[in-house]
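The sequence and the structure are shown first.

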Amino acid sequence: MSPVARPASGLFDDPRPVNAIGDLFANVWQVCYVTPDLDRGMKELRDLLGVENATEVPVEGASFMKGDEEVEWVPRVAMGARGGLIFELIEPVSGEVEFYRRELPTDESSALAFHHLAMLVPLGDEAWGSVEELLSQHGLGFEYTILIPDRARLAYVDTRGLLGHWIELCQLQQADTDFFSGLIAESA
């Protein structure tokens with residue numbers, strides 16, 4: 001029996017089980033850009049892409065881990081939508097943010113540069129460990145992990161050598177899926 005694909009109308013429906021790295025792409029729910037200036041980046045999202053509901057979101061309370069060590073991490077983050085995938089915009093401010101800065105636009109003509117695709121992973125420690133093991137079999141791993149109590153567990157995987165960009169693996173609790181679903185519903 002083959003896995004069931006997620007319907008376009010159910011962005012946060014149960015993610016496809018992950019048995020191969022390619023399965024993660026059936027679970028893409030967000031595209032992320034980095035910017036040297038969040039306010040200018042949000043203006044470009046509006047003016048260039050028509051994402052009129054981009055709004056800055058707090059990051060307080062998140063634990064940011066490099067390997068097993070909690071480190072300082074200070075970004076400014078905005079989220080928005082235009083009827084489908086969520087757009088995330090990150091301005092690296094201080095702390096462990098060099099992996100964002102490396103991807104910043106190299107000239108003044110744009111305030112946006114692609115950084116990563118975010119992909120849902122089924123909830124639970126077993127599913128999380130299974131994806132981590134699968135990545136390990138391919139020489140990949142969780143470079144950074146973000147824990148947001150009662151909201152999300154996230155991991156950045158450096159796939160630049162293979163794919164040209166990072167991926168972010170996400171286990172989202174109901175509070176976050178409700179928030180993001182609301183952004184989509186309120187978008188153009």
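## Contacts along the chain

In this predicted model, 61% of the contacts in the protein chain between residues at least 6 apart in sequence join residues that are at least 24 apart.

## Fold and dimensions

The protein chain contains five helices together with ten strands. Its radius of gyration is 16 Å, close to the 16 Å that the globule rule gives for 188 residues, so the protein chain is as compact as a globular protein of that length. Taken along the principal axes, the box filled by the C-alpha atoms of the protein chain is roughly 45 × 35 × 30 Å.

## Buried residues and nonpolar cores

Of the 188 residues in the protein chain, 47% are buried. In soluble globular proteins, nonpolar side chains tend to be buried together.

The largest nonpolar core holds 32 residues, of which Trp29, Tyr156 and Leu172 touch the most other members. Strand β5, spanning residues 73–81, contributes the largest share of this core, with four residues. Another core, of 28 residues, lies apart from the largest one, and its members include Leu45, Leu89, Phe142 and Leu169.

How values were computed:
Residues are numbered from 1 along each chain as its sequence is written. This is a predicted model: local features need pLDDT of at least 70, side-chain atom pairs count only at pLDDT 80 or more; totals for chains, interfaces and linings use all residues. Side-chain values use heavy atoms; hydrogens and water are left out. Helices (H or I, at least four residues) and strands (E, at least two) are DSSP runs, numbered from the N terminus. The radius of gyration is taken over C-alpha atoms; the globule rule is 2.2 Å times the number of residues to the power 0.38. Buried means under 20% relative accessible area, exposed over 50%, partly exposed in between (1.4 Å probe, protein chains only). Contact means heavy atoms within 4.5 Å. A nonpolar core is a set of buried Ala, Val, Leu, Ile, Met, Phe, Trp, Tyr and Cys residues joined through side-chain atoms within 4.5 Å.
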